[in-house]
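Look at the model below.

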Amino acid sequence: MKFNCKVSSNPSKARKALYTAPASQRAILMSARLSKELREKYNVIAIPIHKDDEVKIIKGHQKVAGKVTAVRRSKYVINIDKLTKTKANGQTVPVAIRPSNVIITKLFLNKDREAYLAKKAESRKSYKDLVAKRNEEVAKVFKAAYPDLTMDIFGKKVEPITEKKPIRIPSKKMAEKLMSKPTLRAYKTGIKVHKAKNAIAAYKAALAKKIAK
């Protein structure tokens with residue numbers, strides 16, 4: 001399913017965008033994930049692959065580790081020094097690998113790349129702080145509305161104290177609607193609420209009915 005209105009779902013347009021992309025976009029598309037140790041060290045999940053990076057193949061039949069010898073943006077592939085094949089005439093040639101099939105185990109660092117890593121780490125930290133702030137706001141709204149429910153630390157699910165079955169909470173916008181409008185449909189329960197005088201009471205009733213099932 002397509003979610004971005006600026007991106008076409010037409011396959012031919014998607015292929016055209018892929019094969020006519022400029023080098024700056026191709027570099028981003030040719031990103032590879034970092035290993036677990038590097039993710040913890042730099043707080044970055046993936047980074048555009050670079051020549052002289054040390055990688056490990058995690059998909060396919062030949063799971064070898066080696067150094068990147070070439071990044072071919074025209075074909076969206078990379079070459080690794082320890083992955084070659086012999087042709088019928090005896091010539092040895094490198095095997096092309098997609099960057100999505102490898103993880104980076106050791107980074108080639110220079111001044112520009114260190115700055116890029118720092119920028120990505122800061123952006124990731126800002127996003128996590130924003131999500132945490134939003135979850136706190138949602139938690140306050142629902143704890144005020146439903147004192148008999150408890151919420152996990154991520155703010156994604158609401159769980160009754162007496163039940164173990166988790167229930168996904170509505171968004172903040174829907175919570176505001178529940179508290180402001182007296183007549184509406186119960187959120188994600190399939191129960192129609194036409195004559196409810198209190199939206200919160202109606203939602204609690206629908207929630208209890210869903211738990212009982």
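Helix H4 gives the largest share of the lining of the largest pocket, 3 residues. Helices (H or I, at least four residues) and strands (E, at least two) are DSSP runs, numbered from the N terminus. The model is predicted: local features need pLDDT of at least 70, side-chain atom pairs count only at pLDDT 80 or more, and totals for chains, interfaces and linings use all residues. Residues are numbered from 1 along each chain as its sequence is written, and side-chain values use heavy atoms, without hydrogens and water.

The largest pocket has a volume of about 250 Å³. A pocket is an open set of points on a 1 Å grid over the protein atoms alone, where a 1.4 Å probe fits, with protein on both sides within 12 Å along at least five of seven lines; lining residues have an atom within 4 Å of a point. The volume is the space filled by probe spheres set on the points, which are joined across faces, edges and corners. Of the 13 lining residues, Pro-48, Ile-49, His-50, Arg-73 and Arg-113 are the closest to the pocket centre. Domain 1 (29–107) and domain 2 (108–146) both contribute to the lining, so the pocket lies between them. These bounds come from an automatic or database domain assignment.

Now for confidence. pLDDT is the predictor's confidence in each residue, from 0 to 100. Its mean for the protein is 77, and 63% of the residues reach 70 or more.

Where pLDDT is low, the predicted coordinates should not be read in detail.
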